Amino acid sequence: LGTNLVTYTAVDGNGNTNTATRVVLVLDTVPPTIAWSFTNLVLAANANCVAPMPDVTGTNYLQATDALGVASITQSPTNDAILPLGTNVVIITVADTYGSLAYSTNQIVVQDQTPLVITLNGFNLMTNELGRAFIDPGVFVSDDCSGIALLTTNGTVNVNAVGNNVLIYTAVDGSGNSNTVTRTVLVWDTAPPAIVWSFTNL
């Protein structure tokens, strides 16, 4: 790389001479070669529903070569930048010693991987009188990032038979995370018999 001078000299049959010069500049205009870069890196969102941008300039994320050596690798967004939920585009720039650039466009997906919070209203063991309608107090569900997409209750309470009944509550958020809680309802008979008539004065 650099400036080179080439001098041409001509001599005729009578010994007369003349010269001309040419300047040849050797440049490096070939950008670095990116042989491999990461795709679809998935990060788990934190409690604030975001994730910090990692440093993706290392060899475990990208491999680049250049005839004269790679001078620098930079990224945008920079590391520790805040990435929101969803797909985030990351551009990696590779520069050689003489400023030729190569680019890699990649994606980082930030996912909500935290299950919802689901708690029972009332007790996990409840009793219900035989023959009396059961009133389900339900559950409390919260999710900070993706919101509640589905809440189901599996199981029924047979109020016409003494025994244990299990109710399973399942909540699913917008990212597919789920959580469950269970409640046992004991149907029992505590009412004494009713004497509707008896003889008198036998």
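I began with strand 9 (residues 86-96) and strand 10 (residues 101-111), which run antiparallel and are joined by 10 bridges. For my own reference, strands are DSSP runs of E with at least two residues, numbered from the N terminus, and two strands pair if DSSP finds at least two bridges between them. This is a predicted model, in which local features need pLDDT of at least 70 and side-chain atom pairs count only at pLDDT 80 or more, while totals for chains, interfaces and linings use all residues. Residues are numbered from 1 along each chain as its sequence is written, and side-chain values use heavy atoms, with hydrogens and water left out.

**Around strand 9**

I looked up a facing pair and found Thr93 opposite Tyr103 in strand 10. The hairpin of strand 9 and strand 10 has 4 residues between the strands, and Gly99 there takes a positive phi near 90°. Strand 9 also runs antiparallel to strand 7, with 6 bridges joining them. Here I noted Ser76 standing opposite Ile91 of strand 9.

Pro77 sits in the loop between strand 7 (70-76) and strand 8 (82-84).

I placed Asn40 in the loop between strand 3 (33-37) and strand 4 (41-44). Cys49 is another residue other than glycine with a positive phi, near 65°. Its place is in the loop between strand 4 and strand 5 (50-52). Cys49 counts as buried because its relative accessibility is 15%; buried means under 20% relative accessible area, with a 1.4 Å probe and protein chains only.

I then traced an open sheet of 4 strands, in the order 12-16-15-14 with mixed pairing. Its edge strands are strand 12 (125-129) and strand 14 (148-154), each pairing on one side only. The twist averages 25° from one strand to the next, where axes are lines fitted to C-alpha atoms and angles run from 0 to 180 degrees between N-to-C directions. Strand 12 pairs with strand 16 (residues 178-188) in the parallel sense over 5 bridges. I checked Leu125 and found its bridge partner in strand 16 to be Thr184.

**Asn177**

Asn177 is in the loop between strand 15 (163-173) and strand 16. Asn177 is buried, at a relative accessible area of 14%. A polar atom of its side chain lies 2.6 Å from the backbone oxygen of Asp112. Leaving aside neighbours within four places in sequence, I listed its contacts (heavy atoms within 4.5 Å); among them are Asp112, Pro115, Leu116 and Val172.

**Asp143**

I finished with Asp143, in the loop between strand 13 (139-142) and strand 14. Asp143 is buried yet has no salt bridge, and Arg183, the nearest side chain of opposite charge, is 20 Å away. A salt bridge here would need a side-chain nitrogen of Lys or Arg within 4 Å of a carboxyl oxygen of Asp or Glu. What does the side chain of Asp143 reach at 2.8 Å? I found the backbone nitrogen of Ser146, and the backbone nitrogen of Cys145 is reached at 3.3 Å. Leaving aside neighbours within four places in sequence, Asp143 is in contact with Asp112, Thr114, Pro115, Leu116 and Asp173.

Note on methods. Buried < 20%, exposed > 50% of the residue type's maximum accessible area, 1.4 Å probe, protein only. Polar contact = N/O pair within 3.5 Å; in protein donor to acceptor, adjacent residues only side chain to side chain. Lys, Arg positive; Asp, Glu negative; His and termini not counted.
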